[in-house]
Amino acid sequence: MAAGGSLSRTERKAAARAEILQQEEQRDRRRQVSRIWRKPPSERSPEECQVLSESDDIVRELERRRKRRDRLRRRQEEVCDEPEELKRKVVELAAAIRNAKHLVIYTGAGISTAASIPDYRGPNGIWTLLQKGRSISATDLSEAEPTLTHMSIACLHKHNLVQHVVSQNCDGLHLRSGLPRSAISELHGNMYIEVCTSCTPNREYVRVFDVTERTALHKHHTGRMCHKCGAQLRDTIVHFGEKGTLTQPLNWEAATEAASKADVILCLGSSLKVLKKYPRLWCMSKPPPRRPKLYIVNLQWTPKDDLAALKLHGRCDDVMRLLMEELGLHIPSYERARDPIFALAEPLRPEEEGTHSRKPVAPPQGAEPAPAPRDEPPARPGGWLGRGCAKGTRRRKNN
């Protein structure tokens with residue numbers, strides 16, 4: 001022992017070596033126990049059984065890990081209700097909708113899978129495939145159209161059965177279904193909208209193509225300029241790790257107000273793993289008896305299942321088809337010629353023609369754009385909601 005009671009350099013090195021050897025022995029022991037533990041009990045030798053009996057702490061940890069993996073695997077499994085069970089649940093859901101005073105719908109990626117847009121956490125979802133180390137292919141969204149679920153929601157709103165829609169999706173299909181802008185909160189943005197944040201209020205430009213070609217996390221400039229002030233335009237997408245600050249199309253104020261008034265919330269096609277982090281949407285400040293009744297339509301487990309008045313295990317289109325039939329409502333068909341995006345969109349100026357390479361959403365040949373939804377500002381001659389959308393689209397096609 002050195003003076004002062006401190007260890008000498010040789011003693012410190014010996015202690016470090018002893019600690020490393022002990023850690024290696026523990027790792028070897030864990031590997032040995034794990035190998036034995038994975039064997040069927042009938043195949044374990046008496047010596048192996050003895051090893052397990054002397055390693056209770058390691059066995060308990062292995063058991064905890066297995067239960068956790070099994071639980072996660074079960075949560076990722078898709079479960080479908082039997083047809084009769086699903087129909088019974090839809091009847092109950094329809095009654096709740098009829099009696100609701102203020103119904104709000106929360107939508108996730110699951111309502112767009114029928115439009116060939118991948119979800120995130122399903123068996124073939126983006127996050128699922130990435131976690132498995134598999135690659136994902138880019139999806140051409142220009143051919144995507146509002147699904148039966150999108151059109152059903154727009155119909156329910158038209159009949160005053162739904163007061164507001166809160167969406168996590170960026171695909172713009174709620175807008176294209178005919179749902180008024182004031183009735184939608186697109187919390188994560190809209191791929192067809194770019195804005196000028198230098199103008200007050202922010203000036204929006206609706207496009208007929210995906211404006212996010214050049215944007216990414218913390219990189220939002222699209223490469224085009226505001227027609228009024230000349231400032232750079234930015235997309236409206238809110239990526240993971242970002243906080244959405246735009247008034248539109250996020251429309252957080254309307255989403256919060258709708259949630260505060262809601263007596264029924266219907267969640268369609270969302271894992272709710274992101275939405276659960278927004279306490280304002282769940283009225284958590286209210287005592288439980290005064291919170292809105294929750295109805296969930298999803299094939300997989302969600303963190304809100306235990307709080308739901310009813311969980312329907314079914315595909316969104318299947319459930320909405322049964323629901324609209326039970327409510328006695330006709331589901332309108334999507335007609336591309338009447339897609340509101342063509343009336344809302346601002347055509348590119350000649351000098352902007354080369355600023356994107358994404359395929360635009362094109363109207364049928366010779367079709368005139370439908371009028372904008374009733375709560376939109378009227379189009380101004382030559383303005384940013386102007387008449388030239390169809391003409392502008394044809395010009396891009398001819399070039």
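Predicted model: local features only at pLDDT ≥ 70, side-chain atom pairs only at ≥ 80, totals over all residues.
The strands involved are β2, covering residues 164–167, and β3, and they pair in the parallel sense over three bridges. Both belong to an open sheet of six strands with parallel pairing, arranged in the order β3-β2-β1-β8-β9-β10. The edges of the sheet are taken by β3 and β10 (310–312), each with a single partner strand, so one side of each has no neighbour in the sheet. From one strand to the next, the twist averages 15°. Helix α8, residues 252–261, lies across β1 (103–107), β2 and β3, and runs at about 120° to β2.

His-188 sits in the loop between β3 (184–186) and β4 (193–196), and UniProt, in an unreviewed entry, places the feature "active site" at His-188. With a relative accessible area of 12%, His-188 falls under the 20% cut-off and is therefore buried. Beyond its neighbours within four places in sequence, His-188 is in contact with Ser-167, Gln-168, Cys-170, Thr-236, Ile-237, Val-238, Val-274 and Tyr-278. For Gln-168, the backbone oxygen lies 3.1 Å from a polar atom of the His-188 side chain.

Turning to the chain as a whole, the protein contains 11 helices and 10 strands. Of its 399 residues, 47% are buried. Among contacts with a separation of 6 or more, 66% link residues 24 or more positions apart. The chain exposes about 21,900 Å², with carbon and sulfur atoms supplying 50% of that area.

Key: Residues numbered from 1 in each chain as written. Heavy atoms only, no water. Helix = DSSP H or I, 4+ residues; strand = E, 2+ residues; numbered from the N terminus. Buried < 20%, exposed > 50% of the residue type's maximum accessible area, 1.4 Å probe, protein only. Contact = heavy atoms within 4.5 Å. Areas by Shrake-Rupley, 256 points an atom, 1.4 Å probe, with all protein chains shown as cover. UniProt positions renumbered as here; feature names shortened; annotations may be inferred. Polar contact = N/O pair within 3.5 Å; in protein donor to acceptor, adjacent residues only side chain to side chain. Pairing = 2+ DSSP bridges. Axes fitted to C-alpha atoms, helices over the stretch in contact; angles between N-to-C directions.
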